[in-house]
Amino acid sequence: MNPKVEAEGKKVLQALANMMTPASNKEICTETNLDTKIVTKQIKKLKDAGYLNSPVRCKYAITESGKSEI
């Protein structure tokens, strides 16, 4: 049972789905036009839910389950 994804979370997932490589917080902020604190909070929630992974230190990529939430 996964928690409902918030609107900001969907923006983060969509931005990562559009990127070809894992992205940093700064790149996600630029893509989504969201504040850094909001992006950081959403990344933590999405990662805990299994929608994101971190294949490279301090960079994030969307998982298959994350793609299904968009």
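What covers the buried residues of α3?

Tutor: This is a predicted model, in which local features need pLDDT of at least 70 and side-chain atom pairs count only at pLDDT 80 or more, while totals for chains, interfaces and linings use all residues. Residues are numbered from 1 along each chain as its sequence is written, and side-chain values use heavy atoms, with hydrogens and water left out.

The cover of the buried residues of α3 includes α1, α2, β1 (52–56) and β2 (59–62). The names come from DSSP runs numbered from the N terminus, where a helix is a run of H or I with at least four residues and a strand is a run of E with at least two. Buried means under 20% relative accessible area, exposed means over 50%, and partly exposed lies in between, with a 1.4 Å probe and protein chains only. Contact means heavy atoms within 4.5 Å.

Let us begin with α3 itself. Its 13 residues reach 18 Å from the first C-alpha to the last, close to the 18 Å expected at 1.5 Å a residue, where the expected span is 1.5 Å times one less than the number of residues. Val 39, Gln 42, Ile 43 and Leu 46 are the buried residues here. Seen down the axis of α3, these buried residues fall within an arc of 105°, so they line one face of the helix; the arc is that of the directions from the helix axis to the C-beta atoms. In general, an α-helix has 3.6 residues a turn, so residues three or four places apart point the same way. On the other side of α3, Lys 37, Lys 41, Lys 44 and Asp 48 are exposed. Thr 36, which is also found in α3 (residues 36–48), is partly exposed, with a relative accessible area of 46%.

Now take one of the covering helices, α1. The axes of α1 and α3 come within 9 Å and cross at roughly 85°; axes are lines fitted to C-alpha atoms, for helices over the stretch in contact, and angles run from 0 to 180 degrees between N-to-C directions. The two helices are therefore roughly perpendicular to each other, a label for angles of 65 to 115 degrees, whereas those under 35 count as roughly parallel, those over 145 as roughly antiparallel and the rest as oblique. Glu 8, Gly 9, Val 12 and Leu 13 of α1 make this contact with Ile 38, Gln 42, Ile 43 and Leu 46 of α3. By class, the contact of α1 with α3 has five nonpolar, two polar and one charged residues, where Ala, Val, Leu, Ile, Met, Phe, Trp, Tyr, Cys and Pro count as nonpolar, Asp, Glu, Lys and Arg as charged, and the others, Gly among them, as polar.

Two residues let you see this contact from both sides. Gln 42 in α3 is buried, with a relative accessible area of 3%, and, not counting residues up to four places away in sequence, Gln 42 touches Glu 6, Glu 8, Gly 9 and Val 12. Gly 9, placed in α1, is buried with a relative accessible area of 0%, and Gly 9 touches Gln 42 and Leu 46 when residues up to four places away in sequence are not counted. Gly 9 and Lys 45 are 36 residues apart in sequence, yet 8.3 Å apart in space, C-alpha to C-alpha.

In α1, the buried residues are Gly 9, Val 12, Leu 13, Ala 15 and Leu 16. Seen down the axis of α1, they fall within an arc of 160°, so they line one face of that helix. What covers them includes α2, α3, β1, β2 and α4 (64–68).

Helix α1 (residues 7–18) and helix α2 (residues 25–32) pack at an angle of about 105°, with their axes 9 Å apart, which makes α1 roughly perpendicular to α2.
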